[in-house]
Amino acid sequence: MSTTGASADPLAALGALPGVAESVESVRKAVDRVYGHRIMRRRSNEITSEAALRGARGSAALSGADWALEEVRRRTDFSGDDGARTVGAALRLTAEAGQLLSIWRQSPLRVLARLHLVAAADPDPRVGRPRQDGEGVDEPLVELPLPDAAEVSGRLEGLSELIIAGSSAPALVTAAVVHGELLALRPFVSHNGLVARAAQRIVLVGSGLDPKAICPAEVGHAELGRAAYVAALDGYVSGTPEGMAAWIAHCAKAVELGVRESTAVCEALQRGAA
């Protein structure tokens with residue numbers, strides 16, 4: 001995303017794109033409904049825990065480790081094959097994201113570095129810093145042209161400045177831009193998708209849209225499918241108003257599907273308590 005142009009608040013300008021206001025309003029209503037569920041008054045911690053588990057499973061699925069939820073719940077050792085390590089990384093990131101909310105608005109680049117360190121869990125010196133010229137990226141889902149290190153550095157700095165400056169844009173728009181920009185840049189040598197989705201979670205929770213982290217957008221992204229995810233990302237990367245609006249709408253639908261998932265959990269708990 002370019003941070004130059006006539007608008008002093010480019011995120012807010014995206015919020016004015018055709019169709020975006022409708023997506024924002026639809027998400028707000030969906031979130032309000034699940035927060036108003038009667039089970040949330042007594043058992044919100046259980047909903048948060050279940051949303052974290054399901055969100056991690058969804059994020060791992062998008063990164064190629066599409067495990068059944070009960071398998072994720074059952075396993076305790078994630079040090080085996082690539083799939084197990086991906087699921088383990090997603091679980092660690094979901095847990096870590098909640099610890100970084102207060103740092104995000106002051107130092108988003110520090111948070112992104114920490115997320116990569118947590119995801120990779122590797123002493124490799126390339127971990128926890130943006131990639132340098134000549135360093136490849138292990139990100140099989142995203143096959144877009146890879147920006148060079150100078151572009152990555154400049155755009156990360158621009159994104160950081162936007163976050164620190166603050167914006168009047170709805171949380172959904174900011175979250176979608178953070179998510180899309182990190183996927184487009186793939187700033188780290190690995191785990192960029194997992195990091196991007198964790199950063200989206202931080203924005204949605206930290207903004208107050210989803211303060212209890214019960215609306216796992218990762219579930220929705222996984223349900224919509226990898227092909228739709230990549231197609232929507234193409235729209236973001238195009239930079240056109242239509243493409244950007246389509247990406248934001250895709251992210252909105254993912255949040256709504258995450259809300260639906262947690263609503264189903266609420267209903268199940270309520271039936272069990274009846």
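Which residues does alanine 217 touch, not counting residues up to four places away in sequence? Taking contact to mean heavy atoms within 4.5 Å, alanine 217 touches Gln200, Leu204, Ala254 and Val255. The model is predicted, so that local features need pLDDT of at least 70 and side-chain atom pairs count only at pLDDT 80 or more, whereas totals for chains, interfaces and linings use all residues. Residues are numbered from 1 along each chain as its sequence is written, and side-chain values use heavy atoms, with hydrogens and water left out.

Alanine 217 lies in helix α11, residues 217-224, where helices are DSSP runs of H or I with at least four residues, numbered from the N terminus. With a relative accessible area of 3%, alanine 217 is buried, a term that means under 20% relative accessible area with a 1.4 Å probe and protein chains only. Between alanine 217 and glycine 88 there are 18 Å in space, C-alpha to C-alpha, and 129 residues in sequence.

The aromatic rings come next. Rings of Phe, Tyr and Trp (its six-membered ring) pair if their centres lie within 6.5 Å, and planes under 30 degrees apart count as stacked, over 60 as edge-to-face and the rest as tilted. By this rule the count comes to three aromatic pairs. Tyrosine 229 and tryptophan 247 form a tilted pair, 6.1 Å centre to centre with 50° between the planes. This pair links distant parts of the chain, since tyrosine 229 belongs to helix α12 (residues 226-238) and tryptophan 247 to helix α13 (residues 241-273), 18 residues apart. Tyrosine 229 is buried at 2% relative accessibility, and tryptophan 247 is buried with a relative accessible area of 1%. Ring pairs also link Tyr229, Tyr236 and Trp247 into a cluster.

Terms used. Helix = DSSP H or I, 4+ residues; strand = E, 2+ residues; numbered from the N terminus. Buried < 20%, exposed > 50% of the residue type's maximum accessible area, 1.4 Å probe, protein only.
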